[in-house]
Amino acid sequence: MEKLTILPPGHPLSGHVAPPGSKSITNRALLLAGLAKGTSRLTGALKSDDTRYMAEALRAMGVTVEEPDATTFVVTGSGQLKAPSKPLFLGNAGTATRFLTAAVASVNGTVVVDGDEHMRKRPIGPLVAALKSLGIDAEAPTGCPPVTVKGNGHFAYGRVEIDAGLSSQYVSALLMAAPLAPQGANAPVTVALTGTEIGARGYVDLTLDAMRAFGAKVEQLDNATWRVEPTGYTAVDFHIEPDASAATYLWGAEVLTGGQIDIGTPARDFTQPDAKAYDVIAAFPHMPAVIDGSQMQDAIPTIAVLAAFNETPVRFVGIANLRVKECDRIRAVSTGLNNIREGLATEEGDDLIVSSDPALAGQTLPAEIDTFADHRIAMSFALAGLKIGGITILDPKCVGKTYPGYWDALGSLGVAYQQ
Ligand SMILES: O=C(O)C1=C[C@@H](OP(=O)(O)O)[C@@H](O)[C@H](O)C1
Ligand SMILES: C=C(OP(=O)(O)O)C(=O)O
């Protein structure tokens, strides 16, 4: 399946569709379970490209990962990752790549962390520099993967500073590796932000929650500093909530078609940052003139496509690091919208301005949307296809990164396709 044309349903989309498990929480839980000694049962988990890469990497380092059903991982670790026999290949999974880069410093031996051609363009230099500052032997000559880490059996203790301006995942990576510092040293790891700027702080909170669930002792000293004790991790049974970023497409489909989609989880019950998008989406077609995307970054492509149908234009600010996600998402969204109708989107520096036009709904405006191999571009532009005839999504299978059942989910609500 190389392309998929969405046929506008012509009726409100209503029904029950539960989004899959959270990618962010699944990959945290898999890692922490793999680092623990004993067996952890992870339920409600996401099975997708990103979590498969994490699971495979753990298996390559001696962890047993069983999959008794479509949403469960049973993970048995020895409390010590082993050196893998070949480089860890992590596709374009930012979480797996960043989190493992720090965690494999606890391996006794050399580990190469690598990804596909997209991941090889996503910066990891600040994380590598932070590891080096702790005395860990780590190299990423291009500033992006591959990263070579020569571990000596445990993480390092001391104070580490990190600039998280490009990615909060660097902070999460250091925090999750920190309990693996040598236990006898009786000294904590202190993780400190250089600068108070951190996009998506809510992801750090997810990290702290997951660490504590697996027995870590971590304390937030102030807005920008955390202290982590060298406790290691304890195996535990852990339930994963549905994915809030995946939910944004269903919330979007609901407001755009005037339907009622029950996703099984009230927006306020999510702990993930993208749940903040609910209030903005619920305001459609009166979304605000300025939307700050810094604390709900992965939801911005969804909201930007909705903005094309809003009553008034929307300027997206605080989204600079969308340029270093799976693709340059500011460029991908503006390219896609302008492909639907020239002038629909403009970039001003790192801001994106969508010049809304409710009259788009009901028109036929044939456009092939280049997804740049980015699941979120595919999923968000599918929403445009619910109202505009002729929207064709190229490489629709890229949704497999985080939501393999996406096309079937829309199909179950009555959306039809032409291949
Ligand atoms: O920690 C996480 O689970 C994530 C953090 C965010 O990335 P950055 O920290 O790189 O902004 C987000 O975009 C990504 O999808 C998941
Ligand atoms: C940015 C994303 O993913 P990651 O950084 O985990 O590859 C995403 O899923 O939107």
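In helix 1, Ser24, Ile25, Arg28, Ala29 and Leu32 meet Tyr203, Leu206, Thr207, Ala210 and Met211 of helix 6. Residues are in contact here if their C-beta atoms, placed from the backbone, lie within 7 Å. Sorted by class, this contact has seven nonpolar, two polar and one charged residues. Ala, Val, Leu, Ile, Met, Phe, Trp, Tyr, Cys and Pro count as nonpolar, Asp, Glu, Lys and Arg as charged, and the others, Gly among them, as polar.

The model is a predicted one: local features need pLDDT of at least 70, side-chain atom pairs count only at pLDDT 80 or more, and totals for chains, interfaces and linings use all residues. Residues are numbered from 1 along each chain as its sequence is written, while chains are lettered from A and ligands numbered from 1 in the order in which they are written.

Back to the helix pair. The crossing is right-handed, meaning that the near helix is turned clockwise from the far one by less than a right angle. Helices (H or I, at least four residues) and strands (E, at least two) are DSSP runs, numbered from the N terminus.

Now for the domains. The table gives the two parts of the chain, with bounds from an automatic or database domain assignment.

| Domain | Residues |
|---|---|
| Domain 1 | 3–20 + 242–418 |
| Domain 2 | 23–239 |

Taken over C-alpha atoms, the centres of domain 1 and domain 2 are 30 Å apart. In the contact between them, 18 residues of domain 1 face 19 residues of domain 2. The side of domain 1 that touches domain 2 has seven nonpolar, eight polar and three charged residues.

Next comes the ligand. Ligand 1 lies between domain 1 and domain 2 because both give residues to the shell around it. This shell has 13 residues, and the closest are Ser24, Ser167, Ser168, Gln169 and Tyr203; a residue is near a molecule if its C-beta atom, placed from the backbone, lies within 6 Å of it. Helix 3 (94–103) and helix 5 (169–177) are the elements that give two or more residues to the shell. By class, the shell has two nonpolar, 10 polar and one charged residues.

Definitions and conventions: Two residues are in contact if their C-beta atoms, placed from the backbone, lie within 7 Å.
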